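Student: I would like to take a close look at a single part of this structure and understand how it is placed among its surroundings. Could you please guide me through it in one connected account?

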Amino acid sequence: RTLYPLITGGANLLEEGKASRASDIDVVWVNGYGFPPYLGGPMYHAGVIGLKTIVERLQEIGVEPSALLKKLADEGKTFADL
């Protein structure tokens, strides 16, 4: 429940052009905030979990997924495909 809002927040940063790549967001989370490096960062980990699963869980807990996150999930893609 705490990881998925980070992921949709990262998707918002990508959508708004505030981050160039998902991996840039992961670097900040791992090196700046202490996200476990073995998980690769929240954006990488999202690809492992599956974006479709993340969208479904966000909707279950009442958090609106970003448009980019929904689009990628619908297309069966990950942030690495951007």
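Tutor: In this predicted model, the buried residues of H4 pack against H1, helix H3 (42-49) and H5. Helix H4 itself spans residues 51-60, and its buried residues are Leu51, Ile54, Val55 and Leu58. Why do they line one face of the helix? Viewed down the axis of H4, these buried residues fall within an arc of 100 degrees, so they share one face.

Let us now follow the chain onward from H4. Just after this helix comes glycine 62, which takes a positive phi of about 85 degrees. Serine 66 is found in the loop that lies between H4 and H5. Is serine 66 buried or exposed? Its relative accessible area is 5%, and buried means under 20%, so serine 66 counts as buried. If its neighbours within four places in sequence are left aside, serine 66 is in contact with Thr8, Ala11, Asn12 and Glu15.

The axes of helix H1 (residues 3-15) and helix H5 (residues 67-75) come within 7 Å of each other and cross at roughly 100 degrees. That angle makes H1 roughly perpendicular to H5. Which residues meet where these two helices touch? From H1 come Ile7, Thr8, Ala11, Leu14 and Glu15, and from H5 come Ala67, Leu68 and Leu69. Sorted by class, this contact of H1 with H5 has 6 nonpolar, 1 polar and 1 charged residues.

On the H1 side, Leu6, Gly10, Leu13 and Leu14 take part, and they meet Ala22, Ile25 and Trp29 of H2. By class, the contact of H1 with H2 has 6 nonpolar, 1 polar and no charged residues.

Ala22, Ile25 and Asp26 are buried in H2. These three cover an arc of only 100 degrees around the axis, which puts them on the same side of H2. The buried residues of H2 pack against H1 and H3. Asn31 and Gly32, by contrast, are exposed on the other side of H2.

Glycine 32 deserves a word of its own. It belongs to helix H2, and it counts as exposed because its relative accessibility is 59%. Its C-alpha atom is separated by 15 Å from that of methionine 43, which lies 11 residues apart from glycine 32 along the chain. H2 is followed by glycine 34, whose phi is positive, near 80 degrees.

How values were computed
Residues are numbered from 1 along each chain as its sequence is written. This is a predicted model: local features need pLDDT of at least 70, side-chain atom pairs count only at pLDDT 80 or more; totals for chains, interfaces and linings use all residues. Side-chain values use heavy atoms; hydrogens and water are left out. Axes are lines fitted to C-alpha atoms, for helices over the stretch in contact, and angles run from 0 to 180 degrees between N-to-C directions. Helices (H or I, at least four residues) and strands (E, at least two) are DSSP runs, numbered from the N terminus. Angles under 35 degrees count as roughly parallel, over 145 as roughly antiparallel, 65 to 115 as roughly perpendicular and the rest as oblique. Contact means heavy atoms within 4.5 Å. Ala, Val, Leu, Ile, Met, Phe, Trp, Tyr, Cys and Pro count as nonpolar, Asp, Glu, Lys and Arg as charged, and the others, Gly among them, as polar. Buried means under 20% relative accessible area, exposed over 50%, partly exposed in between (1.4 Å probe, protein chains only). The arc is that of the directions from the helix axis to the C-beta atoms.
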